[in-house]
Amino acid sequence: MKKIIRVVSIAVAALALLTGCGKEFSADIDTVYVEKKGGIKGANVATFDKDYYSESELSDFINDAVNTYVAKEGDGTVAIADFGVTDGVAHVYLDYAGYEDYAQFNGVEFFAGTVLEAQAAGYEVPGDLKAVTEKETQMDETKNKIVIVGQQTTVRVDGEILFVSDNVTVNDKNSATVAFDLLDENATCGYVVYK
């Protein structure tokens with residue numbers, strides 16, 4: 001009996017590894033996920049509980065926005081990964097080829113790359129970023145990666161968050177929430193440095 005349970009456990013674990021279980025992107029709040037190889041996944045989550053809301057109209061709007069962007073910028077720049085309304089909540093998942101497409105499609109300030117690449121792109125990385133852990137106190141501009149975002153959202157990364165700006169709250173080792181008021185002309189981007 002123990003042998004059968006052990007074989008079944010190993011088979012389930014192997015199946016999980018082979019199917020990528022655990023790597024699927026889902027979110028209950030607006031989230032941008034920066035993948036290890038530079039791909040960007042976005043989740044937009046909103047209440048959708050009024051009688052006059054139409055799921056088909058929202059779907060048409062999303063499809064039109066994506067198709068218009070793709071027609072202008074090229075195939076593979078943005079794609080709809082999933083869309084649905086469940087229990088009065090709409091979830092829209094979009095895949096972006098890179099940070100430039102995320103920024104341009106959403107009309108927000110956004111960068112994802114190394115700290116050195118951010119500086120080369122004209123970003124001034126603040127020197128007063130807060131260390132998240134006591135063991136990492138120095139930023140490595142060539143090895144550490146950074147997400148710079150000018151919107152209220154949760155940022156999720158493939159890695160461990162090391163430093164954040166004052167307007168960022170760390171949720172766990174690989175996600176943080178950026179506080180950003182679009183209506184405040186003096187609002188500053190959130191900075192998330194990770195390895």
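1. In this predicted model, four elements each supply at least two residues of the lining of the largest pocket: β2 (40-47), α2, β4 (89-96) and α3. Helix α2 covers residues 55-73 and helix α3 covers residues 99-106. Which element gives the largest share of that lining? Helix α2 does, with 5 residues.

2. The volume of the largest pocket is about 320 Å³. Its lining is made of 15 residues, and the closest to the centre of the pocket are Asn44, Phe61, Ile62, Val92 and Leu94. Sorted by class, the lining of the largest pocket holds 12 nonpolar, 2 polar and 1 charged residues.

3. Two of the elements in point 1 also meet as a helix pair. The axes of α2 and α3 come within 11 Å and cross at roughly 125°.

4. On the α2 side, the contact is made by Ala65, Val66, Tyr69, Lys72 and Glu73. On the α3 side, Glu100, Asp101, Gln104 and Phe105 take part. By class, this contact of α2 with α3 has 4 nonpolar, 1 polar and 4 charged residues.

5. The second largest pocket has a volume of about 150 Å³. Strands β2, β3 (78-86) and β4 each supply at least two residues of its lining. Which of the elements gives the most to the lining of the second largest pocket? Strand β4 does, with 3 residues.

6. The second largest pocket is lined by Glu24, Phe25, Ser26, Lys41, Gly42, Ala81, Asp82, Tyr93, Leu94 and Asp95. These residues divide into 4 nonpolar, 2 polar and 4 charged. Leu94 lines the second largest pocket, and Leu94 is also among the residues closest to the centre of the largest pocket.

How values were computed. Residues numbered from 1 in each chain as written. Predicted model: local features only at pLDDT ≥ 70, side-chain atom pairs only at ≥ 80, totals over all residues. Heavy atoms only, no water. Axes fitted to C-alpha atoms, helices over the stretch in contact; angles between N-to-C directions. Contact = heavy atoms within 4.5 Å. Nonpolar A, V, L, I, M, F, W, Y, C, P; charged D, E, K, R; others polar. 1 Å grid on protein atoms, 1.4 Å probe; cavity = no way out; pocket = protein on both sides within 12 Å on 5 of 7 lines; lining within 4 Å. Points joined across faces, edges and corners; volume = space filled by probe spheres on them.
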